[in-house]
Each structure stands twice: as structure tokens, then as C-alpha cells.
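Reader: Can you walk me through this one? I have the picture open and would like to ask about it as we go.

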Amino acid sequence: MTVEGPDGNTGHDAEALMVAVRAMAEALNRFDDAACEAFGVGRTDLRAMNLMENGPVSAGEIAARLGLSSGTVTVLIDRLVKHQYAARHPDPTDGRKVMVQLEPATYAAFARIYAPCGQAVAAATAQMPHRQRAAARRALTMITAAVTDQEHHLRLT
């Protein structure tokens, strides 16, 4: 039995969309694996580097966002510093805190690795009308929120 919603969409549409989203997630996972290989780091190190893309982050924030212990984060930061991907700096407002930020060469490496992917996505969607791209962006945002909500729910059970 196919259930049709008020907008004419069926359950098959939602199922096909979920299959496409899962395929995209798998492609992104494989891309992240390739990025890890290019950087010579593990997945958690790359996730930490991604957290620092927009500026310095405290060691405590890295621990909280990645679900790691303070000792594990210390070792992670040590690795990133050793590979010259990041540097430690005292927090200017709280001397007890350590802030970690990416080195300029890391931003250049990110550009070499991620810019071509961004350009490929832009090229793949360039022929779509603006309204269709906007609808796709809204759909992906809503799907991301739904999956995030379910992830939080799963962790609570």
C-alpha cells in the first residue's frame, strides 16, 4: 500500500530520498577517508582539524564536541602539533585555558584537498535553476536536522 501525503508525495519518494542521502553520506565518508590519507592523520584528528577551521578552539571544546576525554584530546593535540597542523596558544581571556588553532600551511592544505570537491559540487549543480538549488538546500537542511534529532534520541535510549 502506498500512502500519499497532502502534497502528492508517496512513501516511495521518501524512501528513494533516504537512499540518495545515504549514498551521499557514504560518498562524504569515503572522501573524508581520502582526506585523512592525504593529511596522514586519523579520522578523529581530521574532525578536530575541521572544528578549528573557523578559528581557535579550546581543548575542552574539542573534547566536548568529539566526545573525548581530556587526556585523549591532549594526545590528539600533541599529534597535530607534531605534524605542524596546529599550534597551542594560551587563551587571552583565561590563562588556564589552552586554545588550539590551525597553522597557515594547514589552511593551504585544506584548500588543495577540499576546494576541488567544492568546485565539483558547484559544477554538478550549476545547471539547476536557482529555485531548485534553494529547494535542495532546504531539503538537505531539514534532513540533517531530522537525522541529528534521531541521533540525539538514540543516544538517550
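## Working chat

Author: Start with Q84, which counts as exposed because its relative accessibility is 60%, over the 50% cut-off. Keep in mind that this is a predicted model.

Reader: OK. Where does Q84 sit?

Author: Q84 lies in the loop between α4 and β2.

Reader: What is the phi of Q84?

Author: Q84 has a positive phi of about 65°, although it is not a glycine. Most residues other than glycine have a negative phi.

Reader: Now the helices. Which angle do the axes of α2 and α5 cross at?

Author: Helix α2 covers residues 43-51 and helix α5 covers residues 104-125; their axes cross at roughly 110°. The axes also come within 12 Å.

Reader: What does that make α2 relative to α5?

Author: It makes α2 roughly perpendicular to α5, because angles from 65 to 115 degrees get that label.

Reader: Why give both an angle and a distance?

Author: Because two packed helices are described by the angle between their axes and the distance between the axes.

Reader: Which residues meet there?

Author: From α2 there are L46, M49 and N50, and from α5 there are T106, F110 and Y114. The residues of this contact divide into four nonpolar, two polar and no charged.

Reader: Y114 has a ring. How many aromatic pairs are there?

Author: The count comes to four aromatic pairs. In one of them, the ring centres of F31 and Y114 are 5.6 Å apart and the planes are at 55°, so this pair is tilted.

Reader: Where in the chain are those two?

Author: F31 is in helix α1, residues 11-39, and Y114 is in helix α5. They are 83 residues apart, and the pair links distant parts of the chain.

Reader: Buried or exposed, for F39 and Y85?

Author: Both F39 and Y85 are buried.

Reader: Which residues do the ring pairs link into a cluster?

Author: The cluster holds F31, F39, Y85, F110 and Y114.

Reader: What joins the side chains of D45 and R79?

Author: A polar contact of 2.6 Å joins the two side chains. D45 is buried because its relative accessible area is 5%, under the 20% cut-off.

Reader: New topic: where is S58?

Author: S58 is in strand β1, residues 57-58. S58 is buried, with a relative accessible area of 11%.

Reader: What about L68, which residues does that touch?

Author: L68 touches T44, A63, V73 and L76, with residues up to four places away in sequence left out. L76 was also named as a contact of D45.

Reader: How far apart are the C-alpha atoms of L68 and T44?

Author: They are separated by 9.6 Å, and the two residues are 24 residues apart along the chain. L68 is in the loop between α3 (59-66) and α4, and at 23% relative accessibility L68 counts as partly exposed.

Reader: Last one. Where is A126, and is A126 buried or exposed?

Author: A126 is in the loop between α5 and α6 (130-156). A126 is exposed, with a relative accessible area of 52%. The C-alpha atoms of A126 and A136 are separated by 13 Å.

Conventions
Residues are numbered from 1 along each chain as its sequence is written. This is a predicted model: local features need pLDDT of at least 70, side-chain atom pairs count only at pLDDT 80 or more; totals for chains, interfaces and linings use all residues. Side-chain values use heavy atoms; hydrogens and water are left out. Axes are lines fitted to C-alpha atoms, for helices over the stretch in contact, and angles run from 0 to 180 degrees between N-to-C directions. Helices (H or I, at least four residues) and strands (E, at least two) are DSSP runs, numbered from the N terminus. Angles under 35 degrees count as roughly parallel, over 145 as roughly antiparallel, 65 to 115 as roughly perpendicular and the rest as oblique. Contact means heavy atoms within 4.5 Å. Ala, Val, Leu, Ile, Met, Phe, Trp, Tyr, Cys and Pro count as nonpolar, Asp, Glu, Lys and Arg as charged, and the others, Gly among them, as polar. Rings of Phe, Tyr and Trp (its six-membered ring) pair if their centres lie within 6.5 Å; planes under 30 degrees apart count as stacked, over 60 as edge-to-face and the rest as tilted. Buried means under 20% relative accessible area, exposed over 50%, partly exposed in between (1.4 Å probe, protein chains only). A polar contact is a pair of N or O atoms within 3.5 Å; within protein, one must be able to donate a hydrogen and the other to accept it, and residues adjacent in sequence count only if both atoms are side-chain atoms.
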